[in-house]
Amino acid sequence: MGLAHTMSLYIRREASKLWKRICAETTTEINLLVENWKYILGGLICQYIHGLAARGVHYFHRPGPILRDTGFSLLPELGQERAYVSETVFSFVFLSFFLWTFHPFIFKSKKIYTVLIWCRVLAFLVACQALRIITFYSTVLPGPNYHCREGSRLATLPRPDNMFETLLIIPRGVLYGCGDLIFSSHMIFSLVFVRTYQKYGTRRFIKQCAWLVVVVQSLLIIASRKHYTVDVVVAWYTVNLVVFFVDNKLPEMPDRSSIGALLLPVSKDGRMKEEATKLVNGNSGDPIDRRLRSQANRKANEDSDNLHVEVLDS
């Protein structure tokens, strides 16, 4: 009975700490969003423009013989019934990265701000997608995907009846587009996500697994005949170069410990600000937590290089 009561008190105390941490983190992120909403909105609008451009090139697409491709010769065709495999892998990459960007709301060990990390990600995506639009409009290749081949009613789009039809992007059109080949949009997202985690993530094992998953996804895209091999190859070096140069032009993300106090609301006696700063940095107020947080606020190292924190009994 005593053990159950102790566990209940512990759970309530930790739940209270977690709730306070979420509230403090939400306040900080809202302040950052107020300052950077134009960049977020601009990035989202560019995503729509990219989707609009991909739909537009579908009107120009004409099915034809599949081009000779080395990857198609080396990799066995998965078949239309197993085409979902590559989409499943991509969905896993997208969802896992999306959830990781929100981990500061839950975990104490924090290195990023959610709003700021998405500002950088959207900047990378916009630059890569602008190049992608230029390339697939320069030369419209016959799509190798099953629905883009001769005989498929989805290979071409009928002339739109009105302007609204051209501006409307439907999910089915995204999945069954043709003509937007060089270079792969799936690879743009995956490589941007992995490179971002490579820089701001802290788990070496996850970084290694992430690169392996992207390599596997590259092969699955070719095996599913969703893209030619050239679409994947061009994506690998183009996205990495674009991210490298854009990242060097962008200002580095500020350290959490230096910016947190500036973004949090100030109470009359200043105690609320001090407590909120502790919560944003992952501190609960305990001496042990303060010692752990002071270590984690330093530049985050990978697992093999992590600082060893020893908590001495008082």
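A residue is called buried when its relative accessible area is under 20%, exposed when that area is over 50%, and partly exposed in between, using a 1.4 Å probe and protein chains only. With that in hand, Phe193 is buried, at a relative accessible area of 2%.

Welcome to the structure above. It is a predicted model, in which local features need pLDDT of at least 70 and side-chain atom pairs count only at pLDDT 80 or more, while totals for chains, interfaces and linings use all residues. Residues are numbered from 1 along each chain as its sequence is written, and side-chain values use heavy atoms, with hydrogens and water left out.

**The overall picture**

The protein chain holds twelve helices and zero strands. Here helices (H or I, at least four residues) and strands (E, at least two) are DSSP runs, numbered from the N terminus. Of the 314 residues in the protein chain, 41% are buried. A contact means heavy atoms within 4.5 Å. Among contacts between residues at least 6 apart in sequence, 82% join residues at least 24 apart. The protein chain exposes about 18,100 Å², and carbon and sulfur atoms supply 66% of that area. Accessible areas come from the Shrake-Rupley method with a 1.4 Å probe, and for residues only the protein chains shown count as cover.

**Aromatic rings**

A pair of aromatic rings is described by the distance of the centres and the angle of the planes. Rings of Phe, Tyr and Trp (its six-membered ring) pair if their centres lie within 6.5 Å; planes under 30 degrees apart count as stacked, over 60 as edge-to-face and the rest as tilted. A search of the whole structure finds 18 aromatic pairs. One of them is edge-to-face: Phe189 and Phe193, with 6.0 Å centre to centre and 65° between the planes. Both residues lie in helix H7, four residues apart, about one turn of the helix. Phe189 counts as buried, at 15% relative accessibility.

**The disulfide and other cysteines**

A disulfide is a pair of cysteine sulfur atoms within 2.5 Å. The structure holds one disulfide, and it joins Cys148 to Cys178 with an S to S distance of 2.0 Å. The pair links distant parts of the chain, 30 residues apart: Cys148 is in the loop between helix H4 (114–138) and helix H5 (163–167), and Cys178 is in the loop between H6 and H7. The torsion about the S-S bond of Cys148 and Cys178 is about -95°, so the disulfide is left-handed.

**Two loops to look at**

Which loop holds Phe183? Phe183 lies in the loop between helix H6 (171–175) and helix H7 (185–200). The peptide bond from Ile182 to Phe183 is cis, with omega near 0°.

The other loop runs between helix H8 (204–223) and helix H9 (229–249), and Arg225 lies in it. Arg225 has a positive phi of about 60°, although it is not a glycine. Arg225 is also buried, with a relative accessible area of 5%.
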